[in-house]
Structures are given as structure tokens and as C-alpha cells.
Amino acid sequence: VDRFRTAEGIILDLRGNPGGLAAMMMGISGHFVSERRPLGIMKTRSNELRFVVNPREVDAAGRPVSVYSGPVAIVVDSMSGSASECFAGGMQSIGRARVFGQTTMGQALPALFDKLPNGDVLIHAYGDFVTADGTRLEGRGVIPDQQLPVLREDLLAGRDRSLEAALAW
């Protein structure tokens, strides 16, 4: 982000991103949002974790900077899942990013992995996640602001409709 701080716009391509550590979205969003505000909430039976933007006011070298204030586009597809969905959905819910592409996986619940006596692994959800505007992503996914199909003829021609639309915006 430091390298592109003066760009006319920034595109974050999360296609094929299966997710990761959801808490990372607090720091990443801080490159693009100047005030502390919620992106979403993860609720469990006993706790509630609020994912709040952590504005990035210094660059990688520790010099003071302003957060990037230009347009932010996020490109997603049906293979964007978990924490990448929470980030895209959170940024969309606060109106800071426009989302392009295909609806995401809809697999945004935090899960635990337990090894069973026979060696199998049981994966089970232990909480729920909703974006700042209350949108539940599980089973629904992030619905892009501009939905663009993946067409065979585009793939054969090397065309990327989602990226083209984000660049045009």
C-alpha cells in the first residue's frame, strides 16, 4: 500500500483466497479507513469479538502517513472464503469498497478441528460472523456490487471481466 498511496485507485484481488486469520482484516482495512469503526462481529456462546478498523498512520518505515483515501475495489470469486469474505463483506458494509466478480463461498464461520479416536478430523463451527450492517455471510457469501460471470470464451481469450470492470470503475 505504501508504494501505491498516490494511485488513482487500488484493486485488491481476493479470488481464490481461502481465508486465514480473521483478525488481519483489522490491520489491512486500516490502510483504507481513517477512523476506528467496526467491520463485523464474531459471536460465540460465551464471547463476542468485534473486528474494528485499526487506522494505519505510519508506513512500513515508521514515517507518518495518511490512510489511502482513493477508490478501493475488491475482486472476489466463488473460491474466496472465510476471512477473505469477512474482509470484503466488512469493507462493503461500511461503504469503503466496491466489490466485483462472483458471489463468494459463504463459508465464514470460525471453526475448530478435533481429531477423532479413529484418526479422522471433525471440523465444527463454534461461532457466527455478521458484518457491520448485520449481514450474515454464512451460506450467502459476499454478493458483489457488480456481478460478472466467468465465461468459457473469456477464459480462452485471456479476458478478465471482473478486473476490467474494477479498472473501469
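Modeller: Helix 2 is largely enclosed by the rest of the structure, because eleven of its eleven residues are buried. This is a predicted model. The helix covers residues 83–93. Its buried residues include Ala 83, Glu 85, Phe 87, Met 91 and Gln 92. They pack against strand 1 (10–13), helix 1 (24–29), strand 2, strand 4, strand 5 (98–101) and strand 8.

Helix 2 lies across strand 2 and strand 8, and runs at about 35° to strand 8. Both strands belong to an open sheet of three strands, ordered 3-2-8, with antiparallel pairing. Strand 3 (48–52) and strand 8 (127–131) are at the edges with a single partner strand each, so one side of each has no neighbour in the sheet. On average, neighbouring strands here are turned by 15° against each other, direction ignored. Strand 2 (residues 38–44) pairs with strand 3 in the antiparallel sense through five bridges. In one of the pairs, Gly 40 has Phe 51 of strand 3 as its bridge partner.

The residues around the helix complete the picture. Ser 82 sits in the loop between strand 4 (72–76) and helix 2. Its phi is near 50°, a positive value in a residue other than glycine. Ser 82 is partly exposed, at a relative accessible area of 23%, whereas Ala 83 and Ser 84 are among the buried residues of helix 2. After helix 2 comes Gly 95, which also has a positive phi, near 75°.

Technical notes
Residues are numbered from 1 along each chain as its sequence is written. This is a predicted model: local features need pLDDT of at least 70, side-chain atom pairs count only at pLDDT 80 or more; totals for chains, interfaces and linings use all residues. Side-chain values use heavy atoms; hydrogens and water are left out. Two strands pair if DSSP finds at least two bridges between them. Helices (H or I, at least four residues) and strands (E, at least two) are DSSP runs, numbered from the N terminus. Axes are lines fitted to C-alpha atoms, for helices over the stretch in contact, and angles run from 0 to 180 degrees between N-to-C directions. Contact means heavy atoms within 4.5 Å. Buried means under 20% relative accessible area, exposed over 50%, partly exposed in between (1.4 Å probe, protein chains only).
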